[in-house]
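Subject: Structure handover

Hello,

My notes follow below it.

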Amino acid sequence: MGIRYARISGKLYESQLKDIDAGLKSFFDNSAAKMTKERYLMMKEQLGEEPDMKECPPDYEDFPYDVQVAINIYHILPDVWLEFSGTYAGKSYAILPYLMDEIYEVANKRVTMQYILMINNIIVDIRSKEQKQRQQRAKSKGKKGINIQG
């Protein structure tokens, strides 16, 4: 993943985007589960097993600089929640031009935006799954508490 991504066309670029997307999914999935590269390596050492670097979650530093900038910008953007359902809807992009131009001085805005949207899709999926799990737990708690005899 430590490859610098320049203007590349065709299948190579698509392959790199897929690798970055997979790395970002692993990074955020494992972040939610509190599994870092350091914890993974320590766990494997304690189990006396050889670490499989394909299984190992990436660290922030493992991503190319442009992806790191996209992660930073994404975390600064304000969250948007749907009021009535409490559903996470993603980020507000109102301050994005300011962040890209004034704070991070992003040279390739198109690519950075592509990374931000990748991250957003991953986070929306994670939050959606978390909300469904909470709803299922609430339903099962409700069913346990109801005892109808008839």
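Glu105 is exposed, with a relative accessible area of 62%. Here buried means under 20% relative accessible area, exposed over 50%, and partly exposed in between (1.4 Å probe, protein chains only). Phi of Glu105 is near 45°, a positive value in a residue that is not glycine. Glu105 sits in the loop between α4 (96-103) and α5 (109-145). Helices (H or I, at least four residues) and strands (E, at least two) are DSSP runs, numbered from the N terminus.

Lys34 also has a positive phi, about 60°, and is not a glycine. Its place is the loop between α1 and α2. At 58% relative accessibility, Lys34 counts as exposed.

Some ground rules. This is a predicted model, where local features need pLDDT of at least 70 and side-chain atom pairs count only at pLDDT 80 or more, while totals for chains, interfaces and linings use all residues. Residues are numbered from 1 along each chain as its sequence is written, and side-chain values use heavy atoms, with hydrogens and water left out.

Overall layout

The chain has five helices and two strands. Along the sequence they follow the pattern α-α-α-β-β-α-α. Of the 150 residues, 30% count as buried. Contact means heavy atoms within 4.5 Å. Take the contacts in the chain with a separation of 6 or more: residues 24 or more positions apart account for 56% of them.

Helix packing

How do α1 and α3 pack? Helix α1 (residues 11-32) and α3 meet at an angle of about 45°, and their axes are 12 Å apart. Axes are lines fitted to C-alpha atoms, for helices over the stretch in contact, and angles run from 0 to 180 degrees between N-to-C directions. That makes α1 oblique to α3. On this scale, angles under 35 degrees are roughly parallel, over 145 roughly antiparallel, 65 to 115 roughly perpendicular, and the rest oblique.

On the α1 side, Ile20, Leu24, Phe27 and Phe28 take part. They meet Val67, Ile71 and His75 in α3. By class, this contact has six nonpolar, one polar and no charged residues. Nonpolar covers Ala, Val, Leu, Ile, Met, Phe, Trp, Tyr, Cys and Pro; charged covers Asp, Glu, Lys and Arg; the others, Gly among them, are polar.

Salt bridges

Side chains of opposite charge can pair when their charged atoms come close. A salt bridge is a side-chain nitrogen of Lys or Arg within 4 Å of a carboxyl oxygen of Asp or Glu. The count comes to six. Among them:

- Lys37 and Asp62 pair at 2.7 Å, N to O. Lys37 is in helix α2 (residues 37-47) and Asp62 in the loop between α2 and α3 (65-76), 25 residues apart, so the pair links distant parts of the chain. Asp62 is partly exposed, at 23%.
- Asp79 and Lys91 pair at 2.9 Å, N to O. Asp79 lies in strand β1 (residues 79-81) and Lys91 in strand β2 (residues 88-91), so the bridge ties together parts twelve residues apart in sequence. Asp79 is partly exposed at 37% relative accessibility, whereas Lys91 is buried at 12%.
- Lys109 and Asp101 pair at 3.1 Å, N to O. Lys109 is partly exposed at 36%, and Asp101 is partly exposed at 38%.

Lys44, Glu49 and Glu55 are linked in a network of salt bridges.

Best regards
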